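This report describes a pair of protein chains. Please look at the sequence and the structure below before reading on.

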Amino acid sequence: MPWLSYLKALNRAIGDEMERDPAVCVLGEDVGVAVTYATAGLLQRFGGDRVLDTPISEQAFTGFATGAAMAGMRPLIEFQIPALLFLVFEQIANQAHKLSLMTGGQTRVPVTYLLPGSGSRDSWAGQHSDHPYSLFAHVGVKTVVPATASDAYGLLVTAMRDDDPVVVFAPSGALGLREDVDFGALAPVPLGAGRVHRAGTDVTVVAVGHLVHDAVAVAEELAGSVSVEVFDPRSLHPFDWQGLAASLERTGRLVVVDDSNRSCGIGAEIVATAAEEMRLTAPPRRVTRPDGAVLPFARDLDLACQPTRAQLRAAVEKSVGAG
Amino acid sequence: MARRPAVTGPAADPAGLYRTVALIRGFEQRAVELVRTGVIRGGIHPCTGQEAVAVGTCAALRPDDVITSTHRGHGHVLAKGADPARMMAELAGRTTGLNKGRGGSMHAADFSVGVLGADAIVGAAVPIATGAAWAMRRAGGDRVALAYFGDGAVSQGVVLEAFNLAALWQVPVVLVCENNGFATSMRPEQTMAGTVTGRAAAFGIPAETVDGMDPQAVLDAATAAVARARSGAGPYLLECVTRRFDAHHTWEHTARPRYRTDAEVAAARSRDPLDIQGARIPAATRAAIDAETAGVLDEAVRFALAGPHPDPAGALDHLYSTGLRPRAGVL
Ligand SMILES: Cc1ncc(C[n+]2csc(CCOP(=O)(O)OP(=O)(O)O)c2C)c(N)n1
């Protein structure tokens, strides 16, 4: 079977949707030459009328996409750097997201915001290493974080077909991954449907984005002693609470591994919801970046702020010991 | 809620322009009264004195053209043809309002007459109108979008970024700056280096300054600007120099901050668009329009007050166009 890289999956998803729906257009900086690869070949295939190289004006082109969406287009915006989302938070959280409700349902804003390279990029320092998905889930913007190439394809396609704004975080830690898939089997993945990557009976590890692969590795390391279930929510808002509850029915123990800051991060929400509503036989645990972290430049310092396999393994072992 | 609108945008003849100015003036007088009596919550930003801008520009537009508006948007929304009764119901937060009570004064929207919505973040709608104009041109046809913004908004980066996109891509958007001499309490001299038209010049956008107290002068300039955009020649900026007679927001009726003198207010009021346009039509016509307008507005208030309050159980209806239901805050 052919190997599909995560980046190629994003690229295929955009191309397939542009082919299928003439309302889909792409906006962003250097999307013509495709510096991130996600838009490779699209300008040649679809022309400058649908693949627009923008000036470095994130706020304007994000608002522009909102207006274009209200007038019938389905824009996808590519952002080169996750921190640019801070610059356009107003345009997404306060405009695009709010327009459906504020107009009493008179309009819809189908814009997709794609971040190919979120999280640490391996020593790109303070302003290039954010992973701000929790912020979007918090304000209620649909937020997805695919972990695998086929999920990247399926979730990006779904995001582009969705009538609401959707932010798609493609973690840089996952961009280089490849998966053995039959291209014909690639299909949309619904929002709000988690995926169990590995079944288990002792503890559920909820892992977000690229950390799914670390969680699977830890589960394999522990296979002889602890039976770990790895649950990938795939979309953080909406979140598959039913899927998580079903997993905790099996295991009763919860560890969340999440590459965003601890306080008010999505990990906190997962733990709180499980504590309020689900079956837990041991205190839930979180492995996250530190509170309020800014990733430092030096490699060792950068890594010191990100969740590690060792930390996850220790948390799983504690969780089981406490049960 | 099928309700036949009482008006459908300003007719471009002298009496039609007067009628729309009178409608906006009377609408806001009644709305201010409803704020005072507590029917309208949250207060409003009246555009009293500035009506000529809304009336003159909207009279240059077709029903299928679109506008984006500001926190001071009543005039724009009414001039584009929204039903005053449903607009008043919106201000009063009723289900019969334009936005079913979900938007209120600062977000009134009526897509059926091309009002994409009023935006309460200064400058934020300028790129939205630009994007809408681009998409409409792409779809074929010759529709244009018009974006209103204040003198305060020209210090917002996003507005200048949008000017660049509009000019670079020759987007059919008409940029209308309502320079009313104040951004809340601050005068352009305190907030603006350069000039409004100078900002347009920097992007190669043709611009002109017009008398924003005179509906006919605004209409003449807007007709040319709209025709230019429609023909594919790209954006145009109109700076309408105008004055608001009333408060920045109705909180000012109680807080009474001092940022302009009584003499300045009196001087502004001496050039009232209602009188400027009223002088162009026979006295009998004016009196007849006034009587008719009063009737329309009485009915608007009656309709607004008769409208049901929304059911709290539906507070987050329309949050997602796809109908996604969010989790409740309390279980
Ligand atoms: C980006 C932003 N900053 C501040 C505010 C608060 N605010 C509301 S209206 C206003 C003044 C706007 O002045 P101007 O653009 O000249 O419009 P005008 O009120 O005169 O119609 C301010 C500062 C806001 N709504 N948005």
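Strand β13 (residues 254-261) of chain A and β14(A) run parallel and are joined by five bridges. Across this pair, V257(A) stands opposite V287(A) in β14(A). Helices (H or I, at least four residues) and strands (E, at least two) are DSSP runs, numbered from the N terminus, and two strands pair if DSSP finds at least two bridges between them.

The model is predicted, so local features need pLDDT of at least 70 and side-chain atom pairs count only at pLDDT 80 or more, while totals for chains, interfaces and linings use all residues. Residues are numbered from 1 along each chain as its sequence is written, chains are lettered from A and ligands numbered from 1 in the order in which they are written, and side-chain values use heavy atoms, with hydrogens and water left out.

## Chain A

β13(A) and β14(A) belong to an open sheet of five strands with mixed pairing, in the order β9-β11-β10-β13-β14 (chain A). The edges are formed by β9 (195-198) and β14 (285-289) of chain A; each has a single partner strand, so one side of each has no neighbour in the sheet. From one strand to the next, the twist averages 25°. Helix α11 (residues 241-251) of chain A lies across β9, β10 (203-207), β11 (228-232) and β13 of chain A, and runs at about 150° to β10(A). For such angles, axes are lines fitted to C-alpha atoms, for helices over the stretch in contact, and the values run from 0 to 180 degrees between N-to-C directions.

I266(A) is in helix α12 (residues 266-277) of chain A. I266(A) has a relative accessible area of 5% and is buried; buried means under 20% relative accessible area, exposed over 50%, partly exposed in between (1.4 Å probe, protein chains only). Not counting residues up to four places away in sequence, I266(A) touches Y133(A), S134(A), A137(A), V208(A), L236(A), D258(A) and S260(A). Contact here means heavy atoms within 4.5 Å.

T39(A) lies in the loop between β2 (24-28) and α2 (42-46) of chain A. T39(A) is also buried, at a relative accessible area of 0%. Its contacts, leaving out residues up to four places away in sequence, are N11(A), V26(A), V31(A), A34(A) and E78(A).

## Chain B

Chain B has an open sheet of six strands with parallel pairing, ordered β2-β1-β3-β4-β6-β5. At its edges stand β2 (115-118) and β5 (207-211) of chain B, each with a single partner strand, so one side of each is left without a neighbour in the sheet. The twist averages 15° from one strand to the next.

| Strand pair | Bridges | Facing residues |
|---|---|---|
| β5(B) and β6(B) | five bridges | V210(B) and C240(B) |
| β1(B) and β3(B) | three bridges | T68(B) and A147(B) |
| β1(B) and β2(B) | two bridges | I67(B) and V115(B) |

In strand β1 (residues 66-69) of chain B, V66(B) and T68(B) point one way and I67(B) and S69(B) the other way; all are buried. Helix α2 (residues 51-58) of chain B packs on the sheet, where it touches β3 (145-150), β4 (173-179) and β6 of chain B, and its direction makes about 170° with that of β3(B).

Helix α4(B) is mostly covered, with eight of its eight residues buried. Among them are R86(B), M87(B), M88(B) and E90(B). The elements that cover these buried residues include α1 (14-36), α3 and α13 (283-306) of chain B. A82(B) lies in the loop between α3 (74-79) and α4 (84-91) of chain B, and counts as buried at 0% relative accessibility.

## Where the chains meet

How many residues of chain A are in contact with chain B? There are 48, and they touch 40 residues of chain B. The two chains bury about 3,500 Å² between them, 63% of it on carbon and sulfur atoms. Buried area is the accessible area (1.4 Å probe) that two parts lose on being put together, summed over both. F64(A), L101(A) and Q106(A) supply 19% of the area that chain A buries against chain B, more than any other three residues.

Helix α3 (residues 58-70) of chain A and helix α6 (residues 157-168) of chain B pack with their axes 8 Å apart, at an angle of about 70°. They are therefore roughly perpendicular to each other; angles under 35 degrees count as roughly parallel, over 145 as roughly antiparallel, 65 to 115 as roughly perpendicular and the rest as oblique. The residues in contact are E58(A), Q59(A), A60(A), F61(A) and F64(A) of α3(A), and V158(B), E161(B), A162(B) and L165(B) of α6(B).
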